[in-house]
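Dear colleague,

I am handing over the structure below, and after it I set out what was found in it. Please read the notes with the coordinates open beside them.

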Amino acid sequence: QVQLVESGGGLVQTGGSQRLSCAASGRSFSSYVMAWFRQAPGEEREFVAAIGRSGSSTFYADSVKGRFTISRDNAKNTVFLQMNSLKPEDTAVYYCAADISPRVRLPQDYDYWGQGTQVTVSS
């Protein structure tokens, strides 16, 4: 069983940067693929980024590729999302997710979710 808690959200101007953190509790953090999803009001949950168990493999949505970087520190049971060159369309609630072996872009494959953290990019 895994519990996830996101932090680091807030208000940022267009072109700015923000770093989100997701702290995990429970056993075997390094056994889980970790991912970030986001959801804007009235829209479906959208894949943002994912990272493999060792951190060697990363995956990104086309909309954030080149701007966002996902990383993990297995010794600290934490995954990060560094967001640069932020745009108003990045505004959403960002969720951390974990699963043993998901199809990384599909939210229905993830068993564990955090509560979410709001990111607002002002224009």
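**The disulfide**

With sulfur atoms required to lie within 2.5 Å of each other, the count comes to one disulfide. Please keep in mind throughout that this is a predicted model. The torsion about the S-S bond is about -80°, so the disulfide is left-handed. Cysteine 22 counts as buried at 0% relative accessibility, and cysteine 96 counts as buried at 0% as well.

**The chain as a whole**

The protein chain has eleven strands and zero helices. Its radius of gyration is 13 Å, close to the 14 Å that the globule rule gives for 123 residues, so the chain is as compact as a globular protein of that length. Along the principal axes, the C-alpha trace spans about 40 × 30 × 25 Å. Of the 123 residues in the protein chain, 45% are buried. Among contacts with a separation of 6 or more, 57% are accounted for by residues 24 or more positions apart. The accessible surface comes to about 6,400 Å², and carbon and sulfur atoms hold 44% of that area.

Four strands form an open sheet with antiparallel pairing, in the order S1-S3-S8-S7. Strand S1 (2–7) and strand S7 (68–73) stand at the edges with a single partner strand each, so one side of each is left without a neighbour in the sheet. On average, and with direction ignored, neighbouring strands of this sheet are turned by 15° against each other.

S1 is joined to strand S3 (residues 18–26) by six bridges, and the two run antiparallel. When neighbours within four places in sequence are left aside, the contacts of serine 21 are Val5, Glu6, Ser7, Trp36, Thr78, Val79 and Phe80.

**Strand S9 and its partners**

How many of the eight residues of strand S9 are buried? Seven of the eight residues of S9 (residues 92–99) are buried, so the strand is largely enclosed by the rest of the structure. Strand S4 (residues 33–39) is joined to S9 by seven bridges, in the antiparallel sense, and one example is methionine 34, whose bridge partner in S9 is alanine 98. S9 also pairs with strand S10 (residues 112–113), again antiparallel and over two bridges, where the partner of alanine 97 is tryptophan 113. A further antiparallel pairing, over three bridges, joins S9 to strand S11 (residues 117–122); here tyrosine 94 has threonine 117 as its bridge partner, while alanine 92 has valine 119.

Tryptophan 36, which is in contact with serine 21, lies in strand S4 and is buried, with a relative accessible area of 0%. The C-alpha atoms of tryptophan 36 and tryptophan 113 are separated by 9.6 Å, although these residues are 77 residues apart along the chain.

**Strand S11 and its two faces**

In a regular strand, the side chains alternate between the two faces of the sheet. S11 has a covered face made of Thr117, Val119 and Val121, and an uncovered face made of Gln118, Thr120 and Ser122.

With kind regards

Conventions
Residues numbered from 1 in each chain as written. Predicted model: local features only at pLDDT ≥ 70, side-chain atom pairs only at ≥ 80, totals over all residues. Heavy atoms only, no water. Buried < 20%, exposed > 50% of the residue type's maximum accessible area, 1.4 Å probe, protein only. Pairing = 2+ DSSP bridges. Axes fitted to C-alpha atoms, helices over the stretch in contact; angles between N-to-C directions. Rg over C-alpha atoms; globule rule 2.2 N^0.38 Å. Contact = heavy atoms within 4.5 Å. Areas by Shrake-Rupley, 256 points an atom, 1.4 Å probe, with all protein chains shown as cover.
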